[in-house]
Amino acid sequence: MIPALEVRDLTRRFGNFTAVERLSFSVQRGEICGFIGPNGAGKTTTMRICSTLDLPDHGDVFISGESVLEQPRRVRRKLGFMPDAYGAYSNTTVADYLDFFARSYGLRGEEKSRTIARLVEFTSLGHMLEKLTTALSKGMKQRLCLAKTMLNDPDLLILDEPAAGLDPRARIELRELVKALAGMDKAILISSHILSELGETCDSVVVIEEGRLKAAGNVSQMTEGIQRERSRVLLRALVDPQALLRAVLEEPHVEGARVERGGVVLDLPGGAEGLARLVEALVKRGVRLTEFRQEKLDLEEVFLSMTDGRVQ
Amino acid sequence: MSAASRFLERVGNLPIWNRIADRGNAILVKELRQSMRGRYFAVIFWLTLAIATMIGMMTFVFQDGGRADTTGTAFFLAMFGCLTFASNLFVPFAAFSSFGAEWEENTLELLLLSNLEPRQIILGKLLSAAVQTLLYTLAFGPFLVLAFLLRGLDLGVAFGLLLFVLLSSITLSAVAVMLSTLARHKVARALLMALMAVALVAFSFATVAFGSEQLFFSRSVFSDRFVLLVFLTIAAVVVSYCVAFGCTRLAHPEENRSTTLRVLTTCCLLALLGWAAFGFQESGGDDEVLYAFGSVAFLLLAVTSALFCSEPERLGRRVRLWVPDNRLLALLSGAFFPGGGRGTLYMVMNSALLIGGFAVVLGYAAPGFPYDQVIGFLLALTAYMFVYVNLPALLFSPFSKKLTRRIACRIAVPLFAFLVFFVPTVTAFALDLRRPFNHAGNPAWAMNEFAHGRADGALIVGLAIAFLVVLVFNLPRIGRGLGELVAEHGRRQTPGRTAAPESLAVPALALEHPEESGDARPQP
Ligand SMILES: Nc1ncnc2c1ncn2[C@@H]1O[C@H](COP(=O)(O)OP(=O)(O)O)[C@@H](O)[C@H]1O
Ligand SMILES: [Mg+2]
């Protein structure tokens, strides 16, 4: 299957500074791909190249198999880009704004009204139509911008930090919208410098740092991969947690042990073998364990372990 | 006030507009809606009308209640003045700031993403300025009719003036839009805005002065049937250049930002040649016409070539796709592709075109005419312009990838021309020579010598050597420019140009499936 988005060996320099270096990844239709990296990692630069707005010094990007370098006009028809800076017009209502962009996408007459009505319903902007675009809240602006981005019914949506500055409620609404879009078989590339914003939403993640790919792949597979090397365990015993903690700290290899939820949580390298050894040691010490539970590492930890902690 | 703007808004929302708007330019529709809803246009509109009414009444009173012979003229002048300020000051200003808002709000890229062409965006802005001017003119209609009904107004002059104001309004709006495409940054925009305000106020006052002179003195420029045609031509040329130049500013540096301007310039040169031929014939073989048109044509060529010759040498990545597959065609069209070396080629080719064209005009229109003077004049002009433009271009060409260096090069061209004139002149003054201005660095003097057939051998040889030296040193640039076009053909023939790179730099942690990261791209 041709990927909806394929970034191939992408390099972009600004003078002597390399913002993106030999970056490659791809996103399939129906997939939500989180594009994650600290500020200045090169996310916006990559996304602008994917959207034909900037050009790479080396490499290329293919949208459904068509090159952004060679076919910018055809690519633009299949693509929706939502930049991090929201563009409002003075003296323009929400209805006028959508109407104008629909016209610029070449929609006319009946088709235009139908498309706008559908998108207004999708983004629940119905009660906002007569408001001025400059007077909207951040969440509303984001929704309007999303509606605008979808006017040409794109196969691929590129959203640059859409959750930035949203309150928790608007963030959840946005997440629902994004999921609904993926359900419509669209490919979505969504960037953030905060992983927890995207954690549960994404099918896959691409992690970059200083313009270079750190990791890419399926979220659950990545978590499993990490777990194979490092486990997090919750222990409960008949002694009080502080005593248990002291006992645990006697063991070598144990990392980050702390009292939590009436027990002790700790990290342990070395997979199943390491776990077995820990249990053995504790029992030998006479600790009477009542609970031994392996916890799932969340994406945040996966991410931290990859980027040397240089994430905000 | 609010009732008036509500009325305008109501009119703007009639369903008929929707149907008309569906055929029109999207930007135009948006701009008109915005200005109907906004305060700026409405305030200026009604204020202008109020002031016009007041001034009109005052004129009426001062002109003995309409009994004086000049009532019509004075009344018209008052209305003309108000219309001038509305359409030549406020309309271009609005056009400038409406484009500035697109920069400010980051909406320009949204427009480009929607596949609107830069041309459509700029024309949309220009059209909305034109519609505003039209609205002003319509609003002044009743006043103007009243002026026509009063005594003493020369209708020919009045219509000429109205047409002049409309033309200048469009032209100034085009200039304003072009300037605003240059001003990405807030500071630059504020600076340009201040400059523009001064220039536009001055121009409006000058126009009113011109109008009163035309109205009150019987011999008017509009009695000549060509005058309006000349105005029209100048307006058309300025508007075309502004639109074309503005479009190039909106395009990405890797896109083609030159071909339109090059084609437009060649078209203008051909038009000038046509005008020269026509003027030469009309004037009964007056060679002054040829000197005048020749000078204008070469000046235009030099100014535009200063832009072309200082472009980055290499083809942008989106320009390469334009290169024809046929090698011969690629070579022939070479001068019209962006790039400094190809710009130099462009200048050479168009100079040849002009000289050849003038030779044909002379040979055809006046077979017995001694045209070695005219041709000598044009050849010398070519040499001057070529050296002025291409010596700086040659020196700056290794650095032409940087925008600041390109701008430096474009400033260096007139600076160089000035220094070549200034240094020998000052030296001559210092040495107390008899005619300090008569030297080869002063093109005005040299051209005059050529026009009168007095150019001496040293001047001719010196110019020829300067021209040839600069040309020879520029040949490698031209060669590289053409070579790149030809090589493009070869590059396309090489298979695997878009093949996947050898190694996908995916670190070990990545669990991406190999078939996803591979080259699954089908060749179209
Ligand atoms: N137009 C530009 N000129 C120079 N440097 C730039 C430009 N755009 C981005 N950069 C640099 O490239 C790096 C990556 O920027 P960006 O892609 O915006 O990062 P992110 O979106 O991941 O925060 C930054 O260090 C930034 O300073
Ligand atoms: Mg960014």
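Two strands count as paired if DSSP finds at least two bridges between them. The model I am showing is predicted.

Take strand S1 of chain A, residues 5-14. Strand S1 is joined to S2 of chain A by 7 bridges, and the two run antiparallel. One position to look at is A:Leu10, whose bridge partner in S2 is A:Leu23.

These two strands belong to an open sheet in chain A. The sheet has 4 strands, in the order S2-S1-S4-S5, with antiparallel pairing. Which strands stand at the edges? They are S2, residues 17-27, and S5, residues 66-67. Each has a single partner strand, so one side of each is left without a neighbour in the sheet.

A:Arg12 pairs with A:Asp54, and their closest N and O atoms are 3.0 Å apart. This pair links distant parts of the chain: A:Arg12 is in strand S1, while A:Asp54 is in the loop between helix H1 (43-50) and strand S4 (58-63) of chain A. Over all chains, a search of the whole structure finds 39 salt bridges.

Now the domains. Chain A is divided into domain 1, residues 5-210, and domain 2, residues 224-306. Their C-alpha centres lie 41 Å apart.

Chain B is also divided, into domain 1 (26-251) and domain 2 (260-427 + 455-493). Here the C-alpha centres of the two domains are separated by 35 Å.

How do the two domains of chain B meet? In domain 1 of chain B, 10 residues are in contact with 10 residues of domain 2 of chain B. The size of an interface is often given as the accessible area lost when the parts come together. For these two domains of chain B, the buried area is about 820 Å², with 81% of it on carbon and sulfur atoms. On the side of domain 1 of chain B that touches domain 2, the residues divide into 6 nonpolar, 3 polar and 1 charged.

Across this interface in chain B, the rule finds 0 salt bridges. For polar contacts, the rule finds 1 residue pair between domain 1 and domain 2 of chain B, both residues at pLDDT 80 or more.

Technical notes: Residues numbered from 1 in each chain as written. Chains lettered and ligands numbered in written order. Predicted model: local features only at pLDDT ≥ 70, side-chain atom pairs only at ≥ 80, totals over all residues. Heavy atoms only, no water. Domains from an automatic or database assignment. Contact = heavy atoms within 4.5 Å. Buried area = accessible area lost by both parts, 1.4 Å probe. Salt bridge = Lys/Arg side-chain N within 4 Å of Asp/Glu carboxyl O. Polar contact = N/O pair within 3.5 Å; in protein donor to acceptor, adjacent residues only side chain to side chain. Nonpolar A, V, L, I, M, F, W, Y, C, P; charged D, E, K, R; others polar.
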